Amino acid sequence: MGKIISNQKVGEDFYLMKVEQKNHAAMGQFYMLRAWDTYPVLSRPISVYDADKDTVSFLYKVVGKGTALLAQLKVGDEITLDGSHGNGFPSVPEAKKIALVGGGVGIAPLYLAAKTLKKENPDCRVDIYLGFSGEPILTQEYQAVADSVTVNVGGFVTDDIDPNEYDAIMTCGPTVMMKVLYDKCVRCKAEAVLYVSMENRMACGIGACLVCSCKTDGGNRKVCKDGPVFLGSEVFGVE
């Protein structure tokens, strides 16, 4: 059990929750969150926005009953955290320029990713690209952890990035957005390695139920256990 330190509304339907919890969460990982007894039946998989050894934070969007219940939590309330789970974004010590591309709630894991990558390699340039359908959120927070932040509202954030400028690209968001980015990398023959964080619906979070399976060039794989981060070519290069 973790204790709620803060749970603030940061935009239309978006909340940022900070929980007191010992953890070893890494960039790109997620937790299964639960703050109810019997209904909804399933816990909710939420990406790690930020973490240190004593606290972990989650940026989430209210889209259904479970996340609506999370939004009602107050300071001091308790929440069940199961995690951290999954294989997150990799360290890329050889990269000199990295792009982080997020759409909607897919921006969540990019904050910790930027912090981690800059800490591991202070000389590496990290640029963040944020895509929103409505009001932008937390732009100042992202600016504090990156070398530059590009914000796209109502358009296609993939239009703003030139893959040939980067050694590695890490992205999270709607599948169609990540597929467009993959196709763009292929068309321009970019040498950048593309990593995609899949947002498949999950049930157990530990690879037992197969609900989150996705097709890859190596066969069906479990997003919760084998991912959520895969090489873009693994997922979108499937014939």
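**Entry 1: buried residues.** I began by asking how much of the protein chain is tucked away: of its 239 residues, 50% count as buried. A reminder to myself is that this is a predicted model.

**Entry 2: the whole chain.** Next I looked up the secondary structure and found five helices and 15 strands in the protein chain. The radius of gyration is 17 Å, close to the 18 Å that the globule rule gives for 239 residues, so the chain is as compact as a globular protein of that length. I also noted the box that the C-alpha atoms fill, roughly 50 × 40 × 35 Å along the principal axes.

**Entry 3: contacts along the sequence.** I took the contacts between residues at least 6 apart in sequence, and 63% of them join residues at least 24 apart.

Entry 4: The accessible surface comes to about 11,500 Å², and carbon and sulfur atoms account for 47% of it. I then looked up the 25 positive and 29 negative charges, whose mean positions are 4 Å apart.

**Entry 5: a visit to Asn 152.** Is Asn 152 buried or exposed? Its relative accessible area is 12%, and the cut-off for buried is under 20%, so Asn 152 is buried.

**Entry 6: partners of Asn 152.** A polar atom of the Asn 152 side chain lies 3.0 Å from the backbone nitrogen of Gly 155. I also found a polar atom of this side chain 3.4 Å from the backbone oxygen of Phe 156. Leaving aside neighbours within four places in sequence, I listed Leu 130, Gly 131, Phe 132, Val 157 and Asp 160 as contacts of Asn 152.

Definitions and conventions
Residues are numbered from 1 along each chain as its sequence is written. This is a predicted model: local features need pLDDT of at least 70, side-chain atom pairs count only at pLDDT 80 or more; totals for chains, interfaces and linings use all residues. Side-chain values use heavy atoms; hydrogens and water are left out. Buried means under 20% relative accessible area, exposed over 50%, partly exposed in between (1.4 Å probe, protein chains only). A polar contact is a pair of N or O atoms within 3.5 Å; within protein, one must be able to donate a hydrogen and the other to accept it, and residues adjacent in sequence count only if both atoms are side-chain atoms. Contact means heavy atoms within 4.5 Å. Helices (H or I, at least four residues) and strands (E, at least two) are DSSP runs, numbered from the N terminus. The radius of gyration is taken over C-alpha atoms; the globule rule is 2.2 Å times the number of residues to the power 0.38. Accessible areas come from the Shrake-Rupley method with a 1.4 Å probe; for residues, only the protein chains shown count as cover. Lys and Arg count as positive and Asp and Glu as negative; His and the chain ends are not counted. The place of a charge is taken as NZ of Lys, CZ of Arg, CG of Asp or CD of Glu.
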